[in-house]
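This briefing reviews selected features of the structure displayed below.

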Number of protein chains: 2
Amino acid sequence: MTITIGLVEDHLEFRKSLEYLISSFTDYTVAWSYASVEETIDNYSETDVILLDINLPGLSGLEAIPLFKKKCASQKIIMLTILEDDYHILEAIKNGANGYILKKSSPNKILEAIQQVYDGEAALTPMVARQVMAFLKPVPAQTASPSLLTLREREILTLIAHGMTNEAIAVTLFISVQTVRNHIKNIYDKLQVHSRAQVVVKAFNDKLI
Amino acid sequence: MTITIGLVEDHLEFRKSLEYLISSFTDYTVAWSYASVEETIDNYSETDVILLDINLPGLSGLEAIPLFKKKCASQKIIMLTILEDDYHILEAIKNGANGYILKKSSPNKILEAIQQVYDGEAALTPMVARQVMAFLKPVPAQTASPSLLTLREREILTLIAHGMTNEAIAVTLFISVQTVRNHIKNIYDKLQVHSRAQVVVKAFNDKLI
DNA sequence: ATTGCAATAGCCCAATCAGGTCATTTTTCA
DNA sequence: TGAAAAATGACCTGATTGGGCTATTGCAAT
């Protein structure tokens with residue numbers, strides 16, 4: 001059972017060396033390789049993974065992601081690019097890329113990324129991971145609104161708003177369901193509501209979430 | 001120049017095997033290792049990287065992150081845990097962790113993560129990367145578009161999001177509770193949720209309200 | 001030292017909800 | 001006109017929630 005790979009890369013030399021690299025392993029096969037998105041779409045067939053450059057003549061790799069996903073919803077795509085600014089990284093992720101690795105990665109890392117994405121996981125080079133994490137980290141939070149909820153209560157409120165049941169919340173926070181219940185009762189009292197649906201509405205309206 | 005490492009891990013056996021693993025490389029040194037956050041804080045000294053468990057007696061690893069960062073703002077921290085739900089992952093990142101890897105990772109991957117974080121990059125195991133990326137990816141706007149809900153369903157969705165019970169909705173719309181139930185079941189199917197709390201969240205996120 | 005609050009945990013009971021299956025009527029539209 | 005979709009209604013069962021209690025622990029401030 002070999003993993004099939006599609007390549008979209010306009011730099012001929014790099015593309016050839018990728019093909020050479022991949023073909024040197026019996027577990028991996030290059031199903032096709034093209035120099036542009038347009039060309040690829042015309043001749044597209046599903047592969048286990050597509051390695052997709054971003055900076056391409058015509059349509060960019062970012063614009064190509066939804067096109068491939070439309071052709072085949074489960075198509076796995078790894079961005080393989082020199083671009084490591086957070087704009088391109090985030091756009092790729094938002095568009096549904098399954099991995100984002102840099103061309104300067106070692107051949108080994110590229111193969112590893114393919115394997116990971118093939119396995120249903122995701123592949124980010126450490127540099128990209130750092131930027132993604134920096135993006136998720138909020139600016140030092142200031143509590144302008146002195147909430148009447150305690151820390152724990154707000155924590156639980158967040159989990160409720162994620163649609164979790166009391167049981168799930170208990171497991172997540174390592175406390176008993178009874179305790180979760182009690183916190184929720186207190187939240188209801190303070191916010192003057194009587195159901196989780198209401199509490200979610202209030203959380204959104206009061207921007208507690 | 002060796003990389004110094006601190007360990008916070010309550011499972012003695014696992015901690016010892018980590019120490020053994022790390023010490024077997026001349027480039028890495030275990031500067032200290034403790035079984036709890038409290039113990040660590042009392043005896044803290046800066047290391048290049050801290051490997052930090054989450055589920056610990058007393059203070060959790062998540063709560064420990066800001067404490068370490070306060071002691072030393074540049075302290076690098078890698079979460080090393082069995083927990084792979086997005087709540088813990090995102091909380092860790094929000095709190096400022098520099099890496100998040102799973103205990104089931106191979107020794108090789110753990111060492112690699114240490115090196116990456118030491119180099120000022122970040123380390124996410126592929127499974128964690130997948131969840132982080134999923135979090136950044138907006139809900140497919142066309143899949144969850146209001147148009148897949150019928151008029152009546154959207155009407156009922158709105159009332160749910162106002163915190164009404166099925167009974168109240170039935171009275172409001174002059175229909176039976178059974179019918180309300182049926183509509184809600186269809187809404188759940190279409191939006192792929194399983195509770196009113198979730199449906200309210202979805203309604204807000206998809207700007208249906 | 002005592003008071004107060006937060007967090008933890010338990011019990012009971014009734015109300016509500018979620019999921020499954022089925023059936024009838026009306027509307028839409030190809 | 002006939003098929004498909006939408007809206008209506010029902011039954012049953014088990015899971016979950018909401019509300020009313022009590023109680024212990026730890027911490028912080030008075």
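Predicted model: local features only at pLDDT ≥ 70, side-chain atom pairs only at ≥ 80, totals over all residues.

A salt bridge is a side-chain nitrogen of Lys or Arg within 4 Å of a carboxyl oxygen of Asp or Glu. Over all chains, a search of the whole structure finds 19 salt bridges.

**Salt bridges**

- A:D53 lies in the loop between β3 and α3 (61-71) of chain A, and A:K103 lies in the loop between β5 (99-102) and α5 (107-118) of chain A, so their contact ties together parts that are 50 residues apart in sequence.
- A:D53 counts as buried because its relative accessibility is 4%, the limit for burial being under 20%.
- In chain A, the side chains of A:R15 and A:E19 meet in a salt bridge of 3.9 Å, N to O.
- A:R15 and A:E19 are 4 residues apart in helix α1 (residues 12-23) of chain A, so about one helical turn separates them.
- A:R15 is buried at 10% relative accessibility, and A:E19 is buried with a relative accessible area of 19%.
- In chain B, a salt bridge of 3.8 Å, N to O, links the side chains of B:K16 and B:E19.
- Because B:K16 and B:E19 are 3 residues apart in helix α1 (residues 12-23) of chain B, they are separated by about one helical turn.
- B:K16 is partly exposed, its relative accessible area being 44%.
- A:K109, A:E112, B:K109 and B:E112 are joined into one network by salt bridges that share partners.

**Sheet of chain A**

- Chain A contains an open sheet of 6 strands with parallel pairing, in the order β2-β1-β3-β4-β5-β6.
- Its edge strands are β2 (28-34) and β6 (123-124) of chain A, each of which pairs on one side only.
- Within the chain A sheet, strand β3 (residues 49-52) and strand β4 (residues 76-81) run parallel and are joined by 4 bridges.
- A:V49 stands opposite A:K76, a residue of β4(A).

**Sheet of chain B**

- Chain B has an open sheet of 6 strands, again with parallel pairing, in the order β2-β1-β3-β4-β5-β6.
- The edges of the chain B sheet are β2 (28-34) and β6 (123-124), and each pairs on one side only.
- Strand β4 (residues 76-81) of chain B runs parallel to strand β5 (residues 99-102) of chain B, with 4 bridges joining the two.
- Opposite B:M79 stands B:Y100 in β5(B).
- B:L80 has B:I101 in β5(B) as its bridge partner.
- In a regular strand, side chains alternate between the two faces of the sheet.
- On β5(B), B:G99 and B:I101 lie on one side and B:Y100 and B:L102 on the other; these residues are all buried, and both faces of the strand are covered.

- A:Q192 is not a glycine, yet it has a positive phi of about 55°.
- A:Q192 lies in the loop between α9 (177-191) and α10 (196-205) of chain A.
- With 67% relative accessibility, A:Q192 counts as exposed.
- B:F174, although not a glycine, has a positive phi of about 55°.
- The loop between α8 (166-173) and α9 (177-191) of chain B holds B:F174.
- B:F174 is exposed, since its relative accessible area is 76% and the cut-off for exposure is over 50%.

**Negative surface patch**

- A:E38, A:E39, A:D42 and A:E63 form a negative surface patch.
- Helix α2 (residues 37-42) of chain A supplies the largest share of the negative patch, 3 residues.
- A:D42 is placed in helix α2 of chain A, and A:D42 counts as exposed at 67% relative accessibility.

Key. Residues numbered from 1 in each chain as written. Chains lettered and ligands numbered in written order. Heavy atoms only, no water. Patch = residues over 30% accessible without salt bridge, like charges linked within 9 Å, V, L, I, M, F, W, Y side chains within 5 Å. Areas by Shrake-Rupley, 256 points an atom, 1.4 Å probe, with all protein chains shown as cover. Lys, Arg positive; Asp, Glu negative; His and termini not counted. Charge placed at Lys NZ, Arg CZ, Asp CG, Glu CD. Buried < 20%, exposed > 50% of the residue type's maximum accessible area, 1.4 Å probe, protein only. Pairing = 2+ DSSP bridges.
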